[in-house]
Amino acid sequence: MAMQTVVVADDDDDIRDLVAFKLENAGYEVISVADGDSAWDRVREVRPTLAVLDVMMPGMSGLDVLREIRADDSLAETKVILLTARSRDVDVDAGFSSGADDYLTKPFSPRELVHRVSSLLARG
């Protein structure tokens, strides 16, 4: 089976590096970027199995990138997990109504993130 690719987009270097490290240890190929515009470029380029998107980023937000992914039929199989420091219900609703597959609120456990990624990708 081919290695599954995950694009991780977060403007916080520490969070991005930690998430990438944990996912690589779990056996995923990880492409890390620091902003939404780069995330969208990489998603179109590599067509990852999954994208982990921080909601609040410079340029395009995670929600913007998510909407672009969902508007592109060729990316229909790409799963999306949103990361956000904002846990208010309105943000959760915006994420799911835009097509997010899952949602994690910062601060989060990296182990929990890996678990969510694994279970999402196991569902196919």
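Contact here means heavy atoms within 4.5 Å. This is a predicted model, in which local features need pLDDT of at least 70 and side-chain atom pairs count only at pLDDT 80 or more, while totals for chains, interfaces and linings use all residues. Residues are numbered from 1 along each chain as its sequence is written, and side-chain values use heavy atoms, with hydrogens and water left out.

Q: Which residues does Val-65 touch, not counting residues up to four places away in sequence?
A: With such neighbours set aside, Val-65 touches Gly-36, Ala-39, Trp-40, Leu-53 and Met-60.

Q: Why is Lys-79 called buried?
A: Buried means under 20% relative accessible area, exposed over 50% and partly exposed in between (1.4 Å probe, protein chains only); the relative accessible area of Lys-79 is 18%, and therefore Lys-79 is buried. Lys-79 is found in strand β4, residues 79–84. Of the 124 residues of the protein chain, 46% count as buried.

Q: What makes a set of residues a nonpolar core?
A: The set must consist of buried Ala, Val, Leu, Ile, Met, Phe, Trp, Tyr and Cys residues joined through side-chain atoms within 4.5 Å. The largest such core has 21 residues, of which Trp-40, Val-43, Leu-53, Val-65, Leu-66, Ile-69 and Leu-82 touch the most other members. Among the elements that give two or more residues to this core are β1 (5–9), β2 (29–33) and α3 (62–71), and α3 gives the most, with 4 residues. Apart from this core lies another, of 18 residues, including Ile-81, Leu-104, Phe-108 and Leu-120.

Q: How do you know that the radius of gyration of the protein chain agrees with that of a compact globule?
A: The radius is taken over C-alpha atoms, and the globule rule is 2.2 Å times the number of residues to the power 0.38. For 124 residues a compact globule would have a radius near 14 Å, and the protein chain has 13 Å, so the value agrees. Along the principal axes, the C-alpha atoms fill a box of roughly 40 × 30 × 25 Å.

Q: What pattern does the protein chain follow along the sequence?
A: Helices (H or I, at least four residues) and strands (E, at least two) are DSSP runs, numbered from the N terminus. By that definition the protein chain comes to 5 helices and 5 strands, which follow the pattern β-α-β-α-β-α-β-α-β-α.
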